[in-house]
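Dear colleague,

I am passing on the structure below, which you have not worked with before, and after it I set out what was found in it. Please read the notes with the sequence and the model open beside you.

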Amino acid sequence: MSSPAAAQTIDPNSGPNESHLISVQDGEGRYAREFPDDAQQRGEQLCAQLEAGNILLFPKTPFEISAVERAVLLGQKQTSAAYHKNVAYRPAEDRVTGLDKSESEENEQLRRILRHYSQSAAKFLGELLPAYANKWKLDYASYRPIEERGRAARLHARNDLCHVDAFPTRPTNGDRILRFFTNVNPAQNRVWLTAQTFAAVAPHFAAALGLPAPPSANPLSSSLRALARTMRLPGANRSPYDRFMHRCHNAMKEDAQFQEASPKQRWEFPPDSTWIVFTDCVSHAVLEGQYALEQTFIVSRHAMVEPHRSPVSILEKLAGHSLTATR
Ligand SMILES: [Fe+2]
């Protein structure tokens, strides 16, 4: 494993095999010189960097989180969070989950803070990456008040093992998982590891797990699948792609050889920094850190500027057939 790595400017040789940290702005909010002044062009370059498996870093969070909001976040009790590794905010319903219901005033404060964070992240990202704006679904935001170092969890829920993200209860059918993180800890870095990107490890895990067969074209099977979706039966809306990605997420965490022997890089995200990453293609682990905010965007696979780099494209190329469901 390499030692703590500093943020880099764009590396023209950055390939799809490992992730790089790209400093987009300086601490004053000025864009790095490598990027064009034109917002549209700059946005496309940044999309291409994300899609290649790189991480975009903002050393200073590009919108305000007030001192009052920070004080509430840092004062969070961890009783309920012991059961939920994070507190989730559902923008579509404007409600939080994962909290102790007896703390109603605190819950209301947290709901307001997470709503503000969610809206600020969506506004900022829409301006930064116009190619994705309005082509995403605003997924959950979350607050992670637990210290990650030494946090006990069952194997598949461990954050300190490298993995790509897949949400078993919120399948994407090939759309992408883009996550926006902010370290609100005033003193402590949040520490990540990244291993090889999905493009590099997909052939290994596809061979180990086997790729799903194409969805049956039989009209009776299609009707049964549609009926199962209508009845909201468990797993009915998971495409072959979603099922594979979830198995891959688990297999990566179970694979001691991959965890121990694959090349890795260590990244430190300082207090008040923000970083953006496609966590379905960057294999990542969280080693240390406490108090982080996060907003997830499910971005349409059709909005990608380099669609061949998407996990679904990589897997469909290996399989030789479609892995998504037509709805
Ligand atoms: Fe993850």
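**The iron site**

Asp-165 is counted as buried because its relative accessibility is 8%, below the 20% cut-off. Please keep in mind throughout that this is a predicted model. Asp-165 is one of the protein donors of the iron ion, and the donors are His-163 through NE2, Asp-165 through OD and His-284 through NE2, lying 2.2 Å from the ion. Along the chain these donors follow the spacing H-x1-D-x118-H.

**The chain as a whole**

The secondary structure comes to eight helices and 11 strands, and of the 327 residues in the chain 52% count as buried. Among the contacts in the chain with a separation of 6 or more, residues 24 or more positions apart account for 84%. The chain exposes about 15,100 Å², of which carbon and sulfur atoms supply 51%.

Two packed helices are described by the angle between their axes and the distance between the axes. Helix α4 (residues 198–209) and helix α6 (residues 240–254) pack at an angle of about 95°, with their axes 11 Å apart. Angles of 65 to 115 degrees count as roughly perpendicular, and α4 and α6 are therefore roughly perpendicular to each other. On the side of α4 the contact is made by Phe-198, Val-201, Phe-205, Ala-206 and Leu-209, and on the side of α6 by Phe-244, Met-245, Arg-247, Cys-248, Ala-251 and Met-252. The residues of this contact of α4 with α6 divide into 10 nonpolar, no polar and one charged.

Helix α8 (311–319) also takes part in packing with these two helices, as its buried residues pack against β6, α4 and α6. In α8 the buried residues are Pro-311, Val-312, Ile-314, Leu-315 and Glu-316. Just after α8, Gly-320 takes a positive phi of about 85°.

Pro-307 lies in the loop between β11 (292–299) and α8 (311–319), and at 42% relative accessibility Pro-307 counts as partly exposed. Leaving aside residues up to four places away in sequence, Pro-307 touches Glu-51 and Ser-313. The C-alpha atoms of Pro-307 and Ala-48 are separated by 9.6 Å, although these two residues are 259 residues apart along the chain.

**Two loop residues with positive phi**

Most residues other than glycine have a negative phi. Asp-94, however, has a positive phi of about 50° although it is not a glycine, and Asp-94 is placed in the loop between β3 (87–90) and β4 (95–97). For Asp-272, which is likewise a residue other than glycine, phi is near 70°, a positive value, and Asp-272 is found in the loop between β8 (265–269) and β9 (274–278). How do these residues stand with regard to the solvent, buried or partly exposed? Asp-94 counts as partly exposed at 25% relative accessibility, whereas Asp-272, at 19%, counts as buried.

With kind regards

Note on methods:
Residues are numbered from 1 along each chain as its sequence is written. This is a predicted model: local features need pLDDT of at least 70, side-chain atom pairs count only at pLDDT 80 or more; totals for chains, interfaces and linings use all residues. Side-chain values use heavy atoms; hydrogens and water are left out. Axes are lines fitted to C-alpha atoms, for helices over the stretch in contact, and angles run from 0 to 180 degrees between N-to-C directions. Helices (H or I, at least four residues) and strands (E, at least two) are DSSP runs, numbered from the N terminus. Angles under 35 degrees count as roughly parallel, over 145 as roughly antiparallel, 65 to 115 as roughly perpendicular and the rest as oblique. Contact means heavy atoms within 4.5 Å. Ala, Val, Leu, Ile, Met, Phe, Trp, Tyr, Cys and Pro count as nonpolar, Asp, Glu, Lys and Arg as charged, and the others, Gly among them, as polar. Buried means under 20% relative accessible area, exposed over 50%, partly exposed in between (1.4 Å probe, protein chains only). Accessible areas come from the Shrake-Rupley method with a 1.4 Å probe; for residues, only the protein chains shown count as cover. Donors are N, O and S atoms within 2.8 Å of the metal (3.2 Å for Na, K and Ca); water is not among the atoms, so sites may look incomplete.
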